[in-house]
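Reader: I've got this one open now. Can you walk me through it?

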Amino acid sequence: MSTATSDRTQKLTSEQIVALSKMHTISEWAVQDAVDPLPIDRAEGVYLYTPDGRRFIDFNSQLMSVNIGHGDRRVVKAIQEQAARLCYVMPGGMTTEPRARLGAKLAEIAPGDIDVFFFTNGGAESVENAFKIARAYTGRYKIMSRYRSYHGATAAAMAATGEPRSWGQAPLPGMIHFTDWYHGVDREQDSADTALRRLEEQIVLEGPQTIAAIIVESVTGTNGILIPPDGYMQGVRALCDKYGIVMIADEVMSGFGRTGEWFAINHWKVVPDLMTMAKGITSSYIPLGAVGMRRKIADYFKDKMFPGGLTYSSHALACAAGLATISVYEEDGLIERTRRMGKVMGELMTDLARRHPSVGAVRNIGLFGVIELIRDRATKQPMAPFNGTAPEMGALGKFFREQGLFTIVRWNYFFTNPPLIITEEQLREAFAIIDRGLEITDKAVK
Ligand SMILES: Cc1ncc(COP(=O)(O)O)c(C=O)c1O
């Protein structure tokens, strides 16, 4: 390390931050030589700032997680006060006020009789623990999950994940994938009934008595904001009831107001047996995840050992951050606000779809949105193939970055997932950049 970088009183330049990060740290899900990270110095509300003062509008809430926006002083203060008092005690034999309060608060906002929580450090750990709970509770071992899903990067969560990031990982026995209603922008979608009939056939063929759980993202996130047709979630619930299977709703991305409900599954009035959470629970201010369980499942462990543990389960700083974040959702009416702003965003998206030939589909539920691009109006051929890239998508991403808009561009689509505090004016500011960017992809359309 040079003297310039070892002196902690001297701020690093943007170039130094990027160079050292690239030299000594790994960037996730990337070919390392292709990584070109943006150095970020501070953030406030919906904006991020580089050390040299460039401003970006955060149109993906980072990883669909900073729901209350950046730098909320109420959450920062709660973390500071908790840090000054007590950062950590072991989760097994001790407990704390923030842990007690957060458990009780989550019981208040979670659907139905989900009122007991096991705290983790994030989404993947929540999913891992949900699988262990389901296996212990049912005495069965198989886990069914959907293609076009993402459940996390640890072993079982990755094996449940139904998309290319799991292809290169060692498969685990007993992990079964199924298709749902969605088949891509260029194909007819199935009805809820058709998808459910196919799922039931697969359950029967696998042997229901071997299936511990079915895990579904209530609204699929990373794989394209896939919003289930009415009846689908109710149908999965009914199949789980019929065959004694634990239903797990993965709300890691779709929870905490993102869709205009506390949890996306509420749109269909379904109570899952287990619910995994992370991200929005603290809006990412401190890492935290949780598995919520219905009373009957929590009761099962009253006289049997709970099969999980983590050094940082129920971390006091994280629980304090979670409590403060939930207060922000409540105090600022962010759930209701997301419903209203989601309507505005939906109109802006429909307007783009009307005017830009490269827009093949737009979808949103609350402030959870995606724009899918196509290169042929007749066949609806995606602008980039499944799991692939296209020069036009690369150029669009570059344009967004030059214009100060941050979002994730993936395959043939990009996300519209701003913090839930975004104003109409800020939404329009972002959509004006997107509008100009789509001229690039329009040129490729036949
Ligand atoms: C639905 C869903 N489940 C689980 C995860 C994994 O969460 P984490 O990255 O916190 O481990 C994610 C992450 O994006 C997710 O979107």
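This is a predicted model: local features need pLDDT of at least 70, side-chain atom pairs count only at pLDDT 80 or more; totals for chains, interfaces and linings use all residues.

Reader: Which element holds S126?

Author: Helix α6, residues 123-138.

Reader: Buried or exposed? I mean S126.

Author: S126 is buried, because its relative accessibility is 0% and the cut-off is under 20%.

Reader: What does the side chain of S126 reach?

Author: The backbone oxygen of M277, at 3.2 Å. M277 is also one of the residues that S126 touches.

Reader: How far is S126 from T379, C-alpha to C-alpha?

Author: 40 Å. Along the chain the two are 253 residues apart.

Reader: OK, on to the ligand. Which residues are around the ligand?

Author: G122, G123, A124, Y150, H151, G152, E217, D250, V252, M253 and K279. By class, that shell has 4 nonpolar, 4 polar and 3 charged residues.

Reader: Which polar side-chain atom lies 3.0 Å from an oxygen atom of the ligand?

Author: One from K279. The backbone takes part too. A polar backbone atom of G123 is 2.8 Å from a ligand oxygen. For Y150, a backbone N or O atom lies 3.5 Å from a nitrogen of the ligand.

Reader: How much of the ligand's accessible area does the protein cover?

Author: 80% of the 390 Å² that the ligand has on its own.

Reader: H151 was in that shell. Where does H151 lie?

Author: In the loop between β5 (142-146) and α7 (155-160).

Reader: Buried or exposed, for H151?

Author: Buried. H151 has a relative accessible area of 3%, so it falls under the 20% cut-off.

Reader: What polar contacts does the side chain of H151 make?

Author: One joins the side chains of H151 and D250, at 2.8 Å. Another is with the side chain of S149, at 3.5 Å. D250 is also among the residues around the ligand.

Reader: What else does H151 touch?

Author: Not counting residues up to four places away in sequence, its contacts include A124, V127, S145, A157 and A160. T161, I215, V216 and E217 are on the list as well.

Reader: Switching to strands. Which strands form the open sheet with β11?

Author: There are 4 strands, in the order β11-β12-β15-β14. The pairing is antiparallel.

Reader: Why is one side of β11 and of β14 left without a neighbour?

Author: Because β11 and β14 (409-410) stand at the edges, each with a single partner strand.

Reader: How many bridges join β11 to β12?

Author: 6 bridges, with β11 and β12 (residues 368-373) running antiparallel. I365 has F368 in β12 as its bridge partner.

Reader: What happens at the hairpin of β11 and β12?

Author: There are 2 residues between the strands. G366 takes a positive phi near 60 degrees there.

Reader: And how many bridges from β12 to β15?

Author: 4 bridges join β12 to β15 (residues 413-416), again antiparallel. I371 stands opposite F414 in β15.

Reader: Back to β11. How many of its residues are buried?

Author: 5 of its 7 residues, so β11 (residues 359-365) is mostly covered.

Reader: R363 is in that strand. Buried or exposed?

Author: R363 is buried, because its relative accessible area is 16% and the cut-off is under 20%.

Reader: What does the R363 side chain contact?

Author: It makes a polar contact with the side chain of E372, at 2.7 Å. The R363 side chain also reaches the backbone oxygen of I225, at 2.9 Å.

Reader: Which other residues does R363 touch?

Author: Among them are Y182, G224, L226, I227 and M349. F368, G369 and V370 are in contact with R363 too. Again, that leaves out residues up to four places away in sequence.

Reader: Last one. Which strand pairs with β4?

Author: β10, residues 289-294. 6 bridges join β4 to β10, and the two run antiparallel. F117 stands opposite G292 in β10. As for cover, 5 of the 7 residues of β4 (residues 114-120) are buried.

Note on methods. Residues are numbered from 1 along each chain as its sequence is written. Side-chain values use heavy atoms; hydrogens and water are left out. A residue is near a molecule or strand if one of its heavy atoms lies within 4 Å of it. A polar contact is a pair of N or O atoms within 3.5 Å; within protein, one must be able to donate a hydrogen and the other to accept it, and residues adjacent in sequence count only if both atoms are side-chain atoms. Accessible areas come from the Shrake-Rupley method with a 1.4 Å probe; for residues, only the protein chains shown count as cover. Ala, Val, Leu, Ile, Met, Phe, Trp, Tyr, Cys and Pro count as nonpolar, Asp, Glu, Lys and Arg as charged, and the others, Gly among them, as polar. Buried means under 20% relative accessible area, exposed over 50%, partly exposed in between (1.4 Å probe, protein chains only). Two strands pair if DSSP finds at least two bridges between them. Contact means heavy atoms within 4.5 Å.
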